[in-house]
Amino acid sequence: MSFISRPKVTHSSAPRNRLGLRKRDYEGGMSTLCAGCGHDSITAAFVQAFWELDVPPHQVAKMSGIGCSSKTPAYFLSQAHGINTVHGRMPSIATGANAAHGGLSYVGVSGDGDSLSIGLGQLAHAIRRNLNMLYVIENNGVYGLTKGQFSASADVGSKTKKGEANEQPPIDPVTFSINLGAPFVARSFSGDKAQLVPLIKAGLKHRGFALIDVLSPCVTFNDHEDSTKSYNYTRQFYHPAVHTDFVPPYERIELDDPKRDALRLELHDGTSLLLKEVGAGYDPTDRPVVLKYLDERKQLGEVVTGLLFVNREKPDLHARNGTTRTPLRDLEYAKLKPGAEILDKVMARYR
């Protein structure tokens with residue numbers, strides 16, 4: 001993970017959050033990505049979200065695989081725990097870490113190549129187990145680190161910078177995740193910070209697996225006229241399904257326009273999602289309705305964004321398996337190693 005230290009210069013009048021920390025306290029190293037890369041905008045959204053949530057940086061575990069996207073964790077929360085894993089294997093490391101210490105906030109940052117090609121099976125099992133983490137896919141349709149080959153999310157007919165057209169059907173991480181049972185699925189755009197920040201905050205507070213597919217144009221290899229993952233294409237066909245606001249438990253819920261359709265969803269810790277401008281017939285808690293809506297909009301060439309699906313009732317990995325929330329390092333030795341008699345009883349269940 002490349003890392004260049006950032007000068008620690010903060011104006012004395014800079015606002016502080018409820019922990020007394022300034023926004024600069026949530027930053028990381030200087031980015032070495034290409035100027036204008038959408039990933040840097042996602043980094044800024046992470047910084048904003050964690051600062052507004054008053055999250056202690058040392059209570060966060062950042063994970064990534066390999067690729068341009070996997071450099072992102074180096075650029076926010078320098079005081080957090082972090083690890084780059086083997087290409088496509090980040091979900092397994094996140095699962096093990098979460099099982100050992102369920103009290104941290106887990107954030108996985110991946111790319112469309114890292115998650116939808118070599119890591120597709122890993123992603124599927126993290127969803128199946130309902131691992132309690134926020135999983136962000138920085139989706140640009142190409143392998144930006146190895147000169148712009150098509151990734152598994154590239155749309156049919158989309159062309160490379162040199163004019164080669166993609167003929168393989170894409171894997172859509174949103175519909176893929178919803179079909180596998182992910183309880184929180186959203187899509188956003190790196191160029192829409194006003195939408196992305198509330199989605200990140202909601203994903204961090206959701207108990208269970210939360211996936212956000214963020215369209216993040218590659219300015220070097222995939223930001224041209226014939227790309228469906230470019231800034232211009234995304235802005236042209238941008239279609240927010242709902243307008244999402246994140247409401248902490250200590251703030252009042254207010255609508256700008258009381259006549260506007262709205263839906264309030266309360267999360268596990270008392271925070272709320274306020275979904276405004278909900279389209280007629282669209283219910284983000286009804287999976288068949290959501291999938292039908294996404295398919296209809298896809299046929300029109302639209303990029304549907306916002307909180308697309310949420311299920312607040314599905315138990316996470318710890319709740320389903322009855323595991324302890326106490327970090328394994330803090331357990332008494334007798335509980336970590338219960339002895340031969342108890343182990344014999346466990347083994348007898350498999351005979």
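Okay, let's start with contacts, meaning heavy atoms within 4.5 Å: among those in the chain between residues at least 6 apart in sequence, 69% join residues at least 24 apart. Bear in mind that this is a predicted model, where local features need pLDDT of at least 70, side-chain atom pairs count only at pLDDT 80 or more, and totals for chains, interfaces and linings use all residues. Residues are numbered from 1 along each chain as its sequence is written, and side-chain values use heavy atoms, with hydrogens and water left out.

The chain has 11 helices and 13 strands; those are DSSP runs numbered from the N terminus, H or I of at least four residues for helices, E of at least two for strands. Of its 351 residues, 48% count as buried, that is, under 20% relative accessible area with a 1.4 Å probe, protein chains only.

So, on to helix H4, residues 120–128. Its buried residues are Leu123, Ala124, Ala126 and Ile127. They sit on the same side of H4, because their arc around the axis is only 165 degrees, taken from the directions from the helix axis to the C-beta atoms. Their cover includes helix H2 (90–100), strand S4 (133–139) and H5. Just after H4, Asn130 has a positive phi of about 55 degrees.

Now H5 itself, residues 173–180. H5 packs against H8, residues 287–299, at about 160 degrees, with the axes 11 Å apart. Those axes are lines fitted to C-alpha atoms over the stretch in contact, and angles run from 0 to 180 degrees between N-to-C directions. That makes the pair roughly antiparallel, the word for angles over 145 degrees. On the H5 side we have Val174, Thr175, Ile178 and Asn179, meeting Arg287, Val290, Leu291 and Leu294 in H8.

Notes: Angles under 35 degrees count as roughly parallel, over 145 as roughly antiparallel, 65 to 115 as roughly perpendicular and the rest as oblique. Buried means under 20% relative accessible area, exposed over 50%, partly exposed in between (1.4 Å probe, protein chains only).
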